[in-house]
Amino acid sequence: MKLTIRAAACLLAAGTFLATVAAAPATATTDAHAGVQNVLNRAVTEGGLPGATAQVVQNNQRWFGRAGVADLTTGALQRPQDRFRIGYTTQTFVATVMLQLAAEHTLSLDDSVEQWLPGVVDGNGYDGSKITIRELLSQTSGVYNYVLSPTVEADAIGTPFLTHRFDDVTSDQLLGYALANPPAFAPGTSWGYADTNYLLAGLIIEKATGQSLAEEINERIICPLHLTGTYEPQAGDFDIDGPHVNEYSHLNQYTAGIPAYDVTELNPAWVFATGDLISTTGDLDTFFSALLQGRLLPPAEQREMFTMTQTSSWLPGITYGDGLGITSTTLSCGTTVYGMWGAVEGSWTNTYGTRDGSHLLSTNVNGDWLNGTDWTPALPAPIGAFTAEMESEFC
């Protein structure tokens, strides 16, 4: 039975730290968020993206905006309940579960990978006994990013992706692609994004709990927060259940004239624990609001998550603070917002909010190409669109 069905009968998992869930916000007027709507329009008309949506929660009011379409074939418009793949934003959910386990003393952030996954990270310059869970969550382990493996790139760039997106792939295979390459740096000595870090984190959660990662996320986050559009699909579950947008890709090609391929269906096993979750803009606002307000983690673990190390490595031209599954960025007006952005073929997502969790902006575009007008800062859509939205909403 799929977790989307099981979520209807959710029970709060024992030991989960969670305060009272806030009442649903009222609806806000478009005038209050005209700047964000303008950016959504530009993402479609200037950036050439199929569609763009956003939901804002502020002062206990919710606003939903859209531009373009959910489906290029039918012209259907996006709806607030529409689901999409959230890419790396999955990692914030995974980090939250891991920190809850640390709070329960099921594991420690200072535990090594070797303690939980003996013999898995070894050889070719790797020593799993030298890599901690904290370094996985903070992207400071130095483990090679399996996505950059020549084997994966050969299957992911261009039309080969249309076939290989359905391939059966195991976590062991993905780790094999990563560990065939030497470490990027010694553990704890630098910062470097790698999907492999959260692949390992997901496996540790499963080993420590005896349950699947999907079950842990469902019991600890989805059910308590009543997230009705969020779930982790299982390997082989190619489609997006329920109402959803169609997702379009240029297949990691950046030359002119590439058509928009419909890549809504794919095997989520390729991005297990690092980018496989499906959600909605409203659910993301709810999740990040609860996280920022300290309703998902006790104070000690909350401090761990939000201890930021500055890095400019996420995106050129933008300086991010990087915590444990969470990032921050300071906007031109001096306001710092906290959240995560994520990308997967056909879908880019961005959710950030104020530190007190009272003001959230979540947005998604159902196209993954980078061509289009350069916006401030000098980055192309959709990244430039996300930045322009945050500048408009929070400044």
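**Helix packing, cores and loops in a predicted model**

Helices α3 and α11 pack at an angle of about 40 degrees, with their axes 12 Å apart. Here helices (H or I, at least four residues) and strands (E, at least two) are DSSP runs, numbered from the N terminus. Axes are lines fitted to C-alpha atoms, for helices over the stretch in contact, and angles run from 0 to 180 degrees between N-to-C directions. The pair α3 and α11 is therefore oblique, since angles under 35 degrees count as roughly parallel, over 145 as roughly antiparallel, 65 to 115 as roughly perpendicular and the rest as oblique. The crossing of α3 past α11 is left-handed, a label used if the near helix is turned anticlockwise from the far one by less than a right angle, with right-handed for clockwise. On the α3 side the contact (heavy atoms within 4.5 Å) is made by Thr92, Phe93 and Thr96, and on the α11 side by Leu284, Phe287, Phe288 and Leu291.

A word on the model itself. It is a predicted one, in which local features need pLDDT of at least 70 and side-chain atom pairs count only at pLDDT 80 or more, while totals for chains, interfaces and linings use all residues. Residues are numbered from 1 along each chain as its sequence is written, and side-chain values use heavy atoms, leaving out hydrogens and water.

As for the overall picture, the protein chain has 13 helices and 17 strands. Of its 395 residues, 57% count as buried; buried means under 20% relative accessible area, exposed over 50%, and partly exposed in between (1.4 Å probe, protein chains only). Among contacts in the chain with a separation of 6 or more, 70% come from residues 24 or more positions apart.

Now for the inside. A nonpolar core is a set of buried Ala, Val, Leu, Ile, Met, Phe, Trp, Tyr and Cys residues joined through side-chain atoms within 4.5 Å. The largest such core holds 68 residues, and Phe93, Met98, Leu107, Leu137 and Phe287 touch the most other members. Elements giving two or more residues to this core include α3 (90-103), α8 (171-179), α10 (213-222), α11 (281-292) and β13 (336-344). Another core, of 30 residues, lies apart from it, with Ala67, Tyr320, Ala343 and Val365 among its members.

In α8, the buried residues are Leu174, Leu175, Tyr177, Ala178 and Leu179, and their cover includes β6 (126-127), α6 (150-156) and α9.

Strand β14 (residues 347-353) holds Thr351, which is buried, with a relative accessible area of 0%. The Thr351 side chain makes a polar contact with the side chain of Ser362 (2.8 Å). Such a contact is a pair of N or O atoms within 3.5 Å; within protein, one must be able to donate a hydrogen and the other to accept it, and residues adjacent in sequence count only if both atoms are side-chain atoms. Not counting residues up to four places away in sequence, Thr351 also touches residues including Leu284, Phe288, Tyr338 and Met340.

Helices α2 (residues 34-45) and α13 (residues 383-394) pack at an angle of about 165 degrees, with axes 8 Å apart. That makes α2 roughly antiparallel to α13, and the crossing is right-handed. Gly35, Val36, Val39, Leu40 and Ala43 of α2 meet Ala385, Ala388, Glu389, Ser392 and Glu393 of α13.

Finally, the loops. Asn59, in the loop between β2 (51-58) and β3 (61-68), has a positive phi of about 50 degrees although it is not a glycine, and Asn59 is exposed, at 65% relative accessible area. Asn252, in the loop between β7 (248-249) and β8 (261-262), has a positive phi of about 60 degrees and is not a glycine either; Asn252 is partly exposed at 29%. Ala184, in the loop between α8 and α9, is exposed at 59%. Ala184 and Tyr144 are 40 residues apart in sequence but 5.9 Å apart in space, C-alpha to C-alpha.
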